[in-house]
Amino acid sequence: MDLICKKFYITEQTNVVQQTVNDIYSKVLKINEDLKTSACCTKETIPENVREILKDIHPEVLSKYYGCGSPVPLALKGKTVLDLGSGSGRDCFILSKLVGPNGKVIGVDMTDEQLEVANSYISYHMDRFGYDKPNVIFKKGYIEDLQSTGIEDESIDIVISNCVLNLSTDKGKVFSEIFRVLKPGGELYFSDVFSGSRIPESLVKDPILFGECLSGAMYVEDFRRLLTSLGYPEYRTLSSRKIDLKNSGFKQKIGMIDFHSITIRIFKIPLEDRCENYGQIAIYKGNLDESPDSFVLDDNHVFKTNEPVPVCGNTSAILQKTRYAEYFNVVGDPSVHYGLFKCSSESKRDCCSLMKYKYIIN
Ligand SMILES: C[S@@+](CC[C@H](N)C(=O)[O-])C[C@H]1O[C@@H](n2cnc3c(N)ncnc32)[C@H](O)[C@@H]1O
């Protein structure tokens with residue numbers, strides 16, 4: 001196929017898939033119980049502060065929630081947060097409360113029906129949270145082209161997304177756009193469906209499997225390769241849950257592939273591809289209101305308040321070059337190198353890279 005034909009074919013295929021996904025989220029699904037698998041359905045433990053806010057979210061918004069995790073990080077006050085594929089707005093309204101009246105939340109979605117529901121409850125949530133003006137805005141657009149929605153370079157502190165990136169036919173563009181709009185030191189924090197192996201083309205073309213957030217799932221190793229190609233050699237895993245396919249027809253079609261809903265964070269800072277040891281120690285000051293006893297960076301790093309913890313160069317950079325810097329003291333001279341960082345005496349590999357393989361090993 002020559003280049004022009006190939007481009008036309010890809011664009012055609014993209015349009016067909018986007019139309020199918022649009023139909024599913026506008027016409028087929030009315031409430032989350034209409035889903036046939038547990039892929040788009042949070043089973044993850046919801047943090048206490050988020051559970052409290054959920055009591056204020058309108059029941060219709062909750063009934064049209066199709067997320068697969070709880071991608072809500074800490075330290076959001078006053079920040080600008082972008083939600084990719086915001087749907088009926090549940091996570092945007094949670095974030096609206098957490099960023100406070102001086103923060104800002106932008107939701108982007110391509111489906112009119114979802115945007116209509118979200119827009120119709122902006123003033124309801126303003127009243128609930130006691131705000132005089134809205135701090136949430138919903139924009140119609142594609143997550144592959146945030147430029148067209150007017151989102152400027154380096155304008156966003158945190159990008160979140162809940163069970164959406166798997167639905168994109170051009171994940172490279174989505175991640176490029178995310179890193180374009182994030183400020184230096186910004187954070188991508190998202191929950192999505194990942195697979196333990198590559199999904200055969202015939203299954204990718206199945207509209208129901210695609211719409212149920214299964215056959216567009218990223219194979220974890222290809223996801224890592226994609227990030228590396230964009231200049232981001234490491235990511236951190238917060239949690240991972242195996243997806244129950246429930247439906248026996250689905251099990252027969254796609255049951256040989258294992259699917260996980262994973263919550264991941266990635267920082268827009270230069271990092272190394274391995275954990276190197278510079279003899280540094282990090283101490284969490286306990287000054288985050290939502291988490292006075294400890295701070296969870298990922299499934300391998302829980303910092304108890306005031307406890308000195310040896311950290312690798314990458315963790316040290318994350319704790320010094322992002323919005324978390326004000327919550328940590330990091331000591332040690334980064335110009336002196338001691339070789340690869342070892343997490344524990346049993347571990348032959350470095351702890352942060354090790355996490356990339358943990359999901360496969362488990
Ligand atoms: C599984 S739902 C998740 C919605 C929301 N995040 C939630 O947790 O309820 C997927 C959403 O992503 C939107 N979507 C899918 N592909 C998209 C794309 N390429 N650009 C913009 N929105 C997209 C759909 O319209 C739908 O609202």
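What separates an oxygen atom of the ligand from an N or O atom in the side chain of T111, in Å?

Mentor: Happy to take that one. The distance between that ligand oxygen and the N or O atom in the T111 side chain is 2.5 Å. Before going on, keep in mind that this is a predicted model, in which local features need pLDDT of at least 70 and side-chain atom pairs pLDDT 80 or more, while totals for chains, interfaces and linings use all residues. Numbering starts from 1 along each chain as its sequence is written, and side-chain values use heavy atoms, without hydrogens or water.

The side chain of Q114 places an N or O atom 3.1 Å from an oxygen atom of the ligand, and a polar backbone atom of I143 is 3.1 Å from a ligand nitrogen. Each is a polar contact (a pair of N or O atoms within 3.5 Å). The ligand on its own has 600 Å² of accessible area (Shrake-Rupley, 1.4 Å probe), and the protein covers 99% of it. In total, 23 residues surround the ligand, and the closest are Y66, G85, D109, T111 and N162; a residue counts if one of its heavy atoms lies within 4 Å.

D109 leads us to a neighbouring stretch. S86 touches D109, along with C92, G107, V108 and F138, leaving aside residues up to four places away in sequence; a contact here means heavy atoms within 4.5 Å. S86 lies in the loop between β1 (80-84) and α4 (90-99). Its relative accessibility is 7%, so it counts as buried, that is, under 20% relative accessible area with a 1.4 Å probe and protein chains only, where exposed means over 50% and partly exposed lies in between. Helix α4 is mostly covered as well, with nine of its 10 residues buried. Among them are C92, which S86 touches, and F93, I94 and L95. After α4 comes G100, with a positive phi near 80°.

Now the cysteines. Disulfides number zero in this structure, the cut-off being two cysteine sulfur atoms within 2.5 Å. C163 is in no disulfide, because the nearest cysteine sulfur, that of C68, is 3.2 Å away. C163 is buried at 3% relative accessible area, and C213 is buried too, at 0%.

β13 pairs antiparallel with β9 (residues 280-284) over four bridges, pairing being at least two DSSP bridges, and I283 stands opposite N329. Strand β11 (residues 301-304) likewise has a covered face, H301 and F303, and an uncovered one, V302 and K304. Four bridges join β11 to the antiparallel β10 (residues 294-298), with V296 opposite V302, and a hairpin of two residues links β10 to β11.

As for the whole protein, 56% of its 362 residues are buried. Its accessible surface comes to about 16,300 Å², with 53% belonging to carbon and sulfur atoms. Of the contacts with a separation of 6 or more, 79% are between residues 24 or more positions apart.

Terms used
A polar contact is a pair of N or O atoms within 3.5 Å; within protein, one must be able to donate a hydrogen and the other to accept it, and residues adjacent in sequence count only if both atoms are side-chain atoms.
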